[in-house]
Amino acid sequence: MSSKANEGFLVKPISPSIGSIVYGLDLSQAISEEILKKLRTIWLDRKLLVFPEQTLSPQQQTDFTQQFGELDQYPFLEGVEGYPYVAEVLKLPEESINFGGVWHTDTTYLETPAAGASLYALELPPTGGDTIFCNMAAAYQALPQSLKQTINPLQAINTSDKADVSQTRLHRISSNSLAKQVFSNTHPVVRTHPETGEKSLFVNEAHTTHFKGQSEQQSNALLNRLYQHARKPEFQCRIRWHIGMVALWDNRSTHHYPINDYTGYRRLLHRISLKGDKPF
């Protein structure tokens, strides 16, 4: 692509609820303020943008991503050499567990969870390894009014060491000092988006343990009801990765699930996080 490609672009929805594919932009080149403003509006509305057929160095992915906010290091992965914000999301052929292979919203165990992230596909299996994203604002809006009233005032405890998600990190962090860190923070069950004012569910089975003031046993039934509701197909889109594809998602209003159906093959993506703010 030439830089002229960044004078205009085409957007097509992936599903009615969430996700759009953006054609005609070369992310290795500068994007004008006018187009960036349009992209951000679409991003906030659609929650997930997918850019096919890109060729990016770590520096170019960094430059693109930071146009959407301040960068942040992921707590459990060290960056690639020379690029502290660029983390490898890797599964080797001999590994049976994939990194983050649980329904989750990124880093909700931090006081300021990630605002979003970009992911760039470098190596993929011949088939499989798709990622499902869900619109948590649409999921909240679809709840019965009585249930909204029940959960609106609730706070939930989120931790980094729930067993299911901890297992997915073992291959990647066992050799560094990050492995022993445990983070825990309390956030509202219903989050207000700091840019749009939209309300969304902000609990996820990878990191949420229980409601504040209740035990885990007391919390389980309602949490499981919210998890099952949030991942109904009508709130979802599924992206099939291709080499060179970039995904950019709003972590404040989504959760996602990387499908682990490609054991025996290597899969490598580069991930960059956007720094978030304290949920309210």
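Start by selecting helix α7, residues 216-230, in this predicted model: its 15 residues reach 20 Å from the first C-alpha to the last, close to the 21 Å expected at 1.5 Å a residue. Centre the view on Leu222, where α7 has a kink of about 30°. Leu222 is also one of the buried residues of this helix, together with Ser219, Leu223, Leu226, Tyr227, His229 and Ala230.

Next, move to helix α2, residues 58-65, and colour Gln61, Thr62, Phe64 and Thr65, which are buried. Looking down the axis of α2, you will find its buried residues within an arc of 165°, so they line one face of the helix. They pack against several strands, among them β6 (83-91), β7 (116-123) and β17 (267-274).

Now turn to the charged side chains, and show Arg40 with Glu195, which form a salt bridge whose closest N and O atoms are 2.9 Å apart. Because Arg40 belongs to helix α1 (residues 33-46) and Glu195 to the loop between β11 (190-192) and β12, the pair ties together parts that are 155 residues apart in sequence.

Arg252 is in the loop between β15 and β16, and 57 residues separate the pair. Which residue forms a salt bridge with Arg252 at 2.9 Å, N to O? Select Asp250, which counts as buried at 0% relative accessibility. Shown together, Arg40, Glu195, Asp250 and Arg252 are linked in a network of salt bridges.

Conventions
Residues are numbered from 1 along each chain as its sequence is written. This is a predicted model: local features need pLDDT of at least 70, side-chain atom pairs count only at pLDDT 80 or more; totals for chains, interfaces and linings use all residues. Side-chain values use heavy atoms; hydrogens and water are left out. Buried means under 20% relative accessible area, exposed over 50%, partly exposed in between (1.4 Å probe, protein chains only). Helices (H or I, at least four residues) and strands (E, at least two) are DSSP runs, numbered from the N terminus. The arc is that of the directions from the helix axis to the C-beta atoms. Contact means heavy atoms within 4.5 Å. The expected span of a helix is 1.5 Å times one less than its number of residues. The bend at a residue is the angle between axes fitted to the seven residues ending there and the seven starting there. A salt bridge is a side-chain nitrogen of Lys or Arg within 4 Å of a carboxyl oxygen of Asp or Glu.
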